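Subject: The structure we talked about

Hi there,

Here is the structure I promised to pass on to you. Please have it open while you read my notes.

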Amino acid sequence: MAIDIQPEKVKGPGGREPGASRPARPWWLRPAIHTAVAGAVIGYVVGHWLGNFLGSNYQQLPLSDSSDLPIVLGYLLAVVGWIAGLGVFNDPLRQMTGRPVPVEEEDASAAAGLARYFRYSLDHKVVGIQYLVGMIIYFCTAGLFAMAIRAELLSPAYHIFSSSTYVELVGEHGTMMMMLMSSLVVGPFGNYLVPIMIGSKRVAFPRIEALSFWLTPAAFLILFSSLMLGGFPFGWTGYAPLSIQATQGADSYAVAFGLMGISIILAGFNIIVTVICYRAPGMRWSRLPMFVWSMLATSVLMVLAAPVLVGGMYMIITDRTVQTAFFADQLGGSSYLYQNLFWFFGHPEVYILALPGFGIVSEIIPVFCRKPLFGYKTAAAGMIGVTVLSFFVWQHHLFDSGLNPDMRPLFMLTTELISIPTGLIYLVAMGTFWKAKIRFTVPMLFALGMYFNFLIGGISGVFLSDVPADTTEHGSFFVMAHFHYTIMGGLIFAFMAGVYYWLPKMMGIKLNQTIGKIHFWTMFIFFNSTFLPLFAVGLAGQPRRVFEYASNLQTINDWVSISAFCLGGSILIFVINFVWSTVIAREREEGNPWQSRGLEWQVASPPPPGNFARIPVVLSGPYEYGTPGAPPVADLNPPAGVVAAAFTGAPTAAAEA
Amino acid sequence: MTQTSAEPAGLSPEAEEAGFYHEAALNATWTGARLAMGALSFGFGAFVFAYFYLRSLNSHGRWYPSTLTGPHLWAGTLIMGLIVVSAAVQTAVLQRIKAGHKTAWQRGALVALVLGLAAVGLQIWELLNLPFFPGAAGFASVFTGFYPVYLVIALMAMIWLEMLIMRCRPIAEISFVEQPPTFVEAFAVQRFQAALSAFTVVWNYLAATAVVAWVLFYLVH
Amino acid sequence: MSAAADAAPPPAAPAAPAGPNHGLRIFLLWLPLAVIADLVIWIVWGPHLPPGTMSSSAANQQFDIKVMAVLAAPVMIFVLTYFGYALIVWRQRDGDTEDGPALHGNSRVQASWITITSVIVLFLAVFGTVELKIANGAGAGEGPSPIWKPGGAPLQVQVIGQQWKFTYRYPQFGGFETTQLVLPEGQWVAFHVTSLDVIHSFWAYQLGVKADANPGVDNVAYTKPEHTGGFVVRCSELCGLWHGAMFDYGRVVSMSAFRTWAASTRVQLAAVTRILPPYATTYDPTVVPQINKAMAKAGIGGANGYYYPPQDPVQP
């Protein structure tokens, strides 16, 4: 292979000749958020007209709503217009017509200041920041709905909202939290940090990654717009006869949730391939940071479970528009079909929400315990175990539904089995704390809070897995308290730990630690004060999603509501801290404030374009604290030939072509 | 590095990195295609589950009532056949391009593309001329629900094939026979080959799905 | 309790020979706390744990919750004691910038942890299955063909969910339909739960019965009321606008009182029963408008068997 070696820069996927930089267009013609909005508006109008046109002579089943087709087609074409406006289709169209595809990383306008965050950016660090800000906005919006719910529940009989407004609020809160928070960690931290943590300069599929983000505002806005159509009265689960019966707000629910399903498939797809194929030389599986393991496990769940959700949402849409009868019992369908499809996704979904939290805390505690992670392989095995088992437990949501009573012992067993790998996460934490030198930094406090909350959440889950006990607890506030402990107490606390830990890395800015501690203590106290009593409320017989309850439960409900408002105030402290630290104070944080061995901390903050000057060669694991002679985690400037040795001679896909 | 004739020590750092990410991209194409098939399997699985669930439940005797006129067998068979032949043609001409015959592949791929698009077109026609109402029965629902999804995915696969045909055009025929003189050209060829392999696997997978769906919806309902 | 007590050795294992024996200290902190907590749960809380002992299934659920609480408390207390101890004893002291010891793992600790958690989990699974069988399905809806059922001839009560109320039919008493749920004491009851529109869930809280009401499905749940008194029925599956207002109250009365009530109600509602469709395990909701029309024609008002009384809120 005597070939000339030309130091030409390799191009992005597509393999086209590097095109000359595109002629500069005026800013308002460059694809960005404003063109996306224009595209969405045009798309909606066209889709609405098309729906009316197609649906005008369509045979309708009795009691069905005839105006769903224009809404659904309007939404779908609005999404197409939205992503077309962002320029998502430009490169595929160039490929289809045989024109050269420009190398995006070199696109001059891509690097331009704040504006790049409003564009279809192919830089994984930009996507990470977009996700971070987006997720905080979605979380706060959905949190405000929760405040409204708690306001209504201040009194058992006196109503602030009408019953229709109340179910709208319940539905919006639940759906927005469950669907958008799926990407709470994978989006910001996964996209931003995974490539850096595995020593890569790029991700495998930057276009897919960017598209996955830009679908989230579309899903958010569509779900929000449901309020203009009268909302949807069936919570986040969308059980079928009700979701078929409901008015047009249900179309928003199905389209938004399906869209978000596609978004998480794309996000997970990119992460998996990146971790498998783009690890730096020396980054063996046994040196992968725990956070990357958790992202990998979460992504597998996303890629495999979310297609079933998309299928279920699609069936709701066809039942509502073209009048199929998937879920109509009298016409050969079954409402159980929806429950099965939904929970086949829905249970992996709750682990999509739990695993990233495990990953973040497992990543953080060795740093602040100044000790290696105890039982690295056990921790990885725990995450893999949760991933695999989570596909086999979904019918525990249907213990009272009348479905497959003979399968109950089996699903009881699988559900309880899942506590073994989950327990391993605790074993790892406890082993790491053994004789440690614990530093009480803000991220560490949040990690500890996560372990405390998730313990309660996990143990209460065991109560729910037992069929007799579940008969009383199912569908009550007990379940509601349980999953708020695992998701809010687990994921959100871990997310906060991640924000305080990694924001100096991602923005080069230090978050105020004093306000951070106030934030932690208020959030921890008011979180527990809100949700711990709800276990008792549930056991005392209050079902979920009600707006009238037994009058003897008013005192405890009022306590919960007031705590919930204080919890909201605590989140407000976080938002203030976030905005004040990143926008106003902008206190620089250089270097490695936590003395972490993580590879991401070995580069500048924020990392330069391309993350690393040279491909690093990983020399040892990320948790070698306390070993005096431990080699550095990576050689950031490896000698010539080392990187080449990692790939030449290795089998390539091209060898098969 | 010992078993190849390449001399990595002679590479500049830039070339080293380019080679590293080139190989990562090839592997990513391979991995991505398999992962996409996994995700698609779960997506199709939702419909297969619906099919068998509703069939075994036969709620109110309306899985496939005797009054229901089934879909046109000839249309379904033709659509399935077109897709299978398209995948077979693509697989056959893949061997030709591996042997260095670029134009043979281009002709074959064009045939595969036309067959695939014909199948998509026919499928649209069939869905617009169904002999039953979508909500008439459980079977009718699953049929009306599944085929539009399959149609869109097959159409996307055909767009991918069209991109590959366009990508192949500027590559010199000789590049498929021997290593091109520069890294850039060699990388372009290898990436094209990797994408082509990935496409062929996915398209064969979709053809197998079409056969399974045909059996379920036209033969055994 | 015994399984949980074994959970103590793992942290003790990596203790270094020098210095205090942390494992023993944690164990000694944990043991009294765990014992006290379990005694409190079993003796003080136990008899008052929901859902009470009004019926066989309620008592069974109370027992399950009690057993699991007794198992869970030592585990939770162990983890919390451990963390509390660690945070106090192993916190970083001022001026100490050293790293901790480089412990990468301890296969004995990990193996014993996995063994102990597996034993607890398997015990819980077997326990749950046995309890499910003993309690004849534990009051949970078992679908149209229940596999765990009581012997003899239970009282059949059909529960019909609709937006937003429950009505009850008594097929063994001529199939009359009423909004009152009255049950006899000491007699097995089979609830046949179905729905006319969307999914509801029939939750008789004090009876420990919960069964989803699916349209077109006959979901059977068993219980045996053991004490007389009132109980609450709530819908526990979100069913639309007035889900929160979908509740009523039932009564458990003595067998003779029940017979009297059933006989008199049967006579009282005879006119309504004639118009209603004959008793069946499921109903076709499309006949509801005709029934309402027939009811109006017969001049029958009030709540007796009305499917959609005019005072109900309109559909969403």
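This is a predicted model: local features need pLDDT of at least 70, side-chain atom pairs count only at pLDDT 80 or more; totals for chains, interfaces and linings use all residues.

**How the chains meet**

Two pairs of chains are in contact, and chains A and C share the most contacts of the 2. Chain B and chain C, on the other hand, have no contact joining them. Their closest C-alpha atoms lie 8 Å apart.

**Chain A against chain C**

On the chain A side, 90 residues take part in the contact, and chain C brings 97 residues to it. Interface size is often expressed as the accessible area that is lost when the parts come together. For chain A and chain C, that buried area comes to about 7,600 Å², with carbon and sulfur atoms giving 68% of it.

Helix α14 of chain A (residues 419-433) gives the most to the side that touches chain C, with 10 residues. Sorted by class, that side of chain A holds 48 nonpolar, 25 polar and 17 charged residues. Salt bridges between chain A and chain C number 3.

**A closer look at Glu237(C)**

Which residue of chain A forms a salt bridge with Glu237(C)? The partner is Arg545(A), and the closest N and O atoms of the pair are 3.8 Å apart. In chain C, Glu237(C) sits in the loop between β9 (229-235) and β10 (247-253). Is Glu237(C) buried or exposed? Glu237(C) counts as buried because its relative accessibility is 6%, under the 20% limit. Leaving aside residues up to four places away in sequence, Glu237(C) touches residues of both chains. From chain A these are Tyr239(A), His474(A) and Arg545(A). From chain C they include Ile199(C), His200(C), Asp212(C) and His243(C).

**Inside chain C**

Chain C itself is divided into domain 1 (2-89 + 109-134) and domain 2 (155-297). The C-alpha centres of these two domains lie 41 Å apart. Domain 1 of chain C puts 9 residues into the contact and domain 2 of chain C puts in 17 residues. Together the two domains bury about 840 Å² between them, 53% of it on carbon and sulfur atoms. In domain 1, Pro51(C), Met54(C) and Ser56(C) lose the most area to domain 2, together 61% of what that side buries.

How many salt bridges link domain 1 and domain 2 of chain C? The count is 0, while 10 residue pairs are in polar contact there (both at pLDDT 80 or more). The side of domain 1 that touches domain 2 has 4 nonpolar and 5 polar residues, and no charged ones.

**One more residue, in chain A**

Finally, Ser529(A) is in helix α18 (residues 513-539) of chain A. With 15% relative accessibility, Ser529(A) counts as buried. Setting aside residues up to four places away in sequence, Ser529(A) touches Trp559(A) and Ser563(A).

Conventions. Residues are numbered from 1 along each chain as its sequence is written. Chains are lettered from A and ligands numbered from 1 in the order in which they are written. Side-chain values use heavy atoms; hydrogens and water are left out. Contact means heavy atoms within 4.5 Å. Buried area is the accessible area (1.4 Å probe) that two parts lose on being put together, summed over both. A salt bridge is a side-chain nitrogen of Lys or Arg within 4 Å of a carboxyl oxygen of Asp or Glu. Helices (H or I, at least four residues) and strands (E, at least two) are DSSP runs, numbered from the N terminus. Ala, Val, Leu, Ile, Met, Phe, Trp, Tyr, Cys and Pro count as nonpolar, Asp, Glu, Lys and Arg as charged, and the others, Gly among them, as polar. Buried means under 20% relative accessible area, exposed over 50%, partly exposed in between (1.4 Å probe, protein chains only). Domain bounds come from an automatic or database domain assignment. A polar contact is a pair of N or O atoms within 3.5 Å; within protein, one must be able to donate a hydrogen and the other to accept it, and residues adjacent in sequence count only if both atoms are side-chain atoms.
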